[in-house]
Amino acid sequence: RWGNIVNPDEVVDQFGADTLRVYEMFMGPFDQPISWSTDNMVGSRRFLERVYSLSLKIKNKISNLKSKKNFPPEADPTRAKKLERSVHQTIKKVTEDIESFHFNTAISALMILLNEMEKEETLEIGNWKLLIKLLSPFAPHIAEELWFDLEEKKSIHLEDWPKYDESKLESDEMT
């Protein structure tokens, strides 16, 4: 009667179900009141578009490996180690945040990891799979699609949750 509602069907039609889910979980802690606005959904949409764009880099790598041509350059070992540390830190952070219902900071950690992955000239498929697994509770539809694009046979939601390696969390450098 007050006209102050947002029909979720209209939001899903405009932005997609995964964008709506990511936006609602990224807004802030669940135990605090937050002003809801569709104007701010663009950031969540862009995040998912960037994830999908990164998948194109992986598809190209897979097709190059299958055709045995145009091999991407080998990854710099220092950068690879830094990315590996970031991946394990993100697994730890997302796991702990999901358990404590801090979904907003879990999604923030995924955004930071995505930034790191986008900087890489070549990206290991294993690291890509970990990102998709970590994303799957927040954006299940795109995660499932990206998972099947990797020619996986069973649903991503039936996969084991990633585990972090404590020894890979610490940096070799001190400032």
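1. Glu 118 is partly exposed, at 33% relative accessibility. Its partner in a salt bridge is Arg 50, with 2.6 Å between the closest N and O atoms. The pair ties together distant parts of the chain, since Arg 50 sits in helix H3 and Glu 118 in helix H5 (residues 103-119), 68 residues apart. Arg 50 is partly exposed too, with a relative accessible area of 28%. Please keep in mind that this is a predicted model.

2. Helix H3 (residues 41-67) also holds a pair of its own: Glu 49 and Arg 45 lie four residues apart there, about one turn of the helix. They form a salt bridge whose closest N and O atoms are 3.1 Å apart. Glu 49 counts as partly exposed at 40% relative accessibility, and Arg 45 does so at 33%.

3. Another salt bridge joins the side chains of Glu 84 and Lys 168, at 3.0 Å from N to O. Here again distant parts of the chain are linked: Glu 84 belongs to helix H4 (residues 77-99), while Lys 168 lies in the segment after helix H7 (140-149), 84 residues apart. Glu 84 is partly exposed at 29%, and Lys 168 at 30%.

4. The structure holds ten salt bridges.

5. As for the overall fold, the chain has seven helices and zero strands. Of contacts between residues at least 6 apart in sequence, 68% join residues at least 24 apart. Buried residues account for 37% of the 175 in the chain. The chain exposes about 11,000 Å², with carbon and sulfur atoms supplying 51% of that area.

Methods: Residues numbered from 1 in each chain as written. Predicted model: local features only at pLDDT ≥ 70, side-chain atom pairs only at ≥ 80, totals over all residues. Heavy atoms only, no water. Helix = DSSP H or I, 4+ residues; strand = E, 2+ residues; numbered from the N terminus. Buried < 20%, exposed > 50% of the residue type's maximum accessible area, 1.4 Å probe, protein only. Contact = heavy atoms within 4.5 Å. Areas by Shrake-Rupley, 256 points an atom, 1.4 Å probe, with all protein chains shown as cover. Salt bridge = Lys/Arg side-chain N within 4 Å of Asp/Glu carboxyl O.
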